[in-house]
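Visitor: I have not looked at this structure before. Could you take me through it, one question at a time?

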Amino acid sequence: MGEKITLSVIKADIGGYVGHSSVHPRLLETAERYLAASKLLIDYRVTHVGDDINLIMTHKYGVDSPEIHHLAWNVFLQCTEVARELKLYGAGQDLLSDAFSGNVKGMGPGVAEMEFEERKSEPVIVFAADKTEPGAWNFPLYKMFADPFNTIGLVIDPKMHQGFRFEVYDLIKNERVEFSLPEEMYDLLVFIGAPGRYCIKSVYSKTTGEIAAVSSTQRLNLMAGRYVGKDDPVCIVRCQSGLPAVGEALEPFANPHLVAGWMRGSHIGPLMPVGLNQAAPTRFDGPPRVVAMGFQLTGGRLVGPQDLFADVAFDKARQIANEIANYLRSLGPFEPHRLPLEDMEYTTMPEVMAKLKSRFVKVGMDEKTQRFAAELELGAK
Ligand code: F6R
Ligand code: MG
Ligand code: MG
């Protein structure tokens, strides 16, 4: 057996430039300098999507390594100092804790990492999205690894034909469950069709048992108990030779799906695939963006990134996303553009309700309707 390497992608919003739209170049330079000085890494890249900095790192310390997580934490602290100096918007917003305690999980930054033995050739894609949440990967991961209309390899590649194992997290109850596809496809869909709660954490090949994809799952808003920004997610997908081809991994994004996030983390919008130079969402703080960075790994070195959504073949997806965005914007503060009350990250409902409480008067009901209303209320409790 060859030696294993770990690919870690750790991201955080350390302050926006301007507003929540992008990252100031000095933050990226600061992160670069800090990672360059570290002896822990085989290689690294610093990129951004919208106002989120992505640290893409390779090393030999495995997943959940305190050394690597501490390194990322320190990078973000250094960046916060620069963000404060420039008075960038929301400086240090994703660093929820004052002191590092062994693992950045639960402290604000998003994490996707996987450990594996490098294959003869190891193509990987790092996806990163802004103005949305981890469940945004459910639809594309399902298409990549379970839908033969997207991934013809599931039908005609003997190394894919057995299917894949999906690990799903319940982000509210903090539980995990596994599904074996294609047999349990319908069961899986019951859950992942509700991406605000159930989220695909990882995918494994049933042929080799190897890890194929992993996503970040943190829900900052729930963890913090207050609004601290949508937990803009990242995802790593290994490609080719028994896994989805690069083109099969990108194909789900040709049809922009609707995700939660966008303005004030309280709207539905299309996830627009863009090249790295278009990764600064400005219209109504959006629409939500996704970038795809392709790398070949060699001995843990990152050859790339290849800016995969820069391809003109994704122009149409951008056009469709703009059209969907236009239509949804026309709905203004009405659902389904605006999220249901319980899913919004901002709400003035309690204040407005308190102000108007005395003006609400009971509407007369006959006995049968009263009983029905009481039952409904009981059911809601
Ligand atoms: C969405 C996001 C932005 C902000 C919006 C208001 O994830 O970060 O849309 O919610 O710009 O920001 P504040 O409340 O900071 O003025
Ligand atoms: Mg922000
Ligand atoms: Mg963001």
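Visitor: Which residues come nearest to ligand 1?

Guide: This is a predicted model, in which local features need pLDDT of at least 70, side-chain atom pairs count only at pLDDT 80 or more, and totals for chains, interfaces and linings use all residues. Residues are numbered from 1 along each chain as its sequence is written, chains are lettered from A and ligands numbered from 1 in the order in which they are written, and side-chain values use heavy atoms, with hydrogens and water left out. A residue is near a molecule if one of its heavy atoms lies within 4 Å of it. There are 11 residues around ligand 1, and those that come nearest are His20, Tyr89, Arg264, Asp285 and Tyr346.

Visitor: How many residues of the shell around ligand 1 are charged?

Guide: Here Asp, Glu, Lys and Arg count as charged, Ala, Val, Leu, Ile, Met, Phe, Trp, Tyr, Cys and Pro as nonpolar, and the others, Gly among them, as polar. The shell around ligand 1 has 5 nonpolar and 2 polar residues, and the charged ones number 4.

Visitor: How much of the accessible area of ligand 1 does the protein cover?

Guide: Polar side-chain atoms of His20, Asp285 and Tyr346 approach oxygen atoms of ligand 1: for His20 the distance is 3.3 Å, for Asp285 2.6 Å, and for Tyr346 2.5 Å. On its own, ligand 1 has 410 Å² of accessible area (Shrake-Rupley method, 1.4 Å probe). The part of this area that the protein covers is 80%.

Visitor: Which residues coordinate the magnesium ion (ligand 2)?

Guide: Donors are N, O and S atoms within 2.8 Å of the metal (3.2 Å for Na, K and Ca), and sites may look incomplete because water is not among the atoms. Along the chain, the donors of the magnesium ion (ligand 2) follow the spacing D-x6-H-x30-D. At 2.0 to 2.3 Å, they are Asp13 (OD), His20 (ND1) and Asp51 (OD).

Visitor: Which residue coordinates both the magnesium ion (ligand 3) and the magnesium ion (ligand 2)?

Guide: The magnesium ion (ligand 3) has Asp51 (OD), Asp52 (OD), Asp130 (OD) and Asp232 (OD) as protein donors, at 2.0 to 2.2 Å. Of these, Asp52 in strand 3 (residues 52-59) and Asp130 in strand 5 (residues 122-130) link distant parts of the chain, 78 residues apart. Both Asp52 and Asp130 are buried. The two magnesium ions, ligand 3 and ligand 2, are 4.4 Å apart, and the residue that coordinates both is Asp51.

Visitor: How many aromatic pairs are there?

Guide: Rings of Phe, Tyr and Trp (its six-membered ring) pair if their centres lie within 6.5 Å; planes under 30 degrees apart count as stacked, over 60 as edge-to-face and the rest as tilted. By this rule, the number of aromatic pairs is 9.

Visitor: Is the pair of Phe127 and Phe309 tilted, stacked or edge-to-face?

Guide: The ring centres of Phe127 and Phe309 are 6.3 Å apart and the planes are at 40°, so the pair is tilted.
Phe127 is in strand 5 and Phe309 in the loop between strand 15 (301-307) and helix 8 (315-329), 182 residues apart. Both Phe127 and Phe309 are buried, and the pair counts as tilted.

Key:
Helix = DSSP H or I, 4+ residues; strand = E, 2+ residues; numbered from the N terminus. Buried < 20%, exposed > 50% of the residue type's maximum accessible area, 1.4 Å probe, protein only. Polar contact = N/O pair within 3.5 Å; in protein donor to acceptor, adjacent residues only side chain to side chain.
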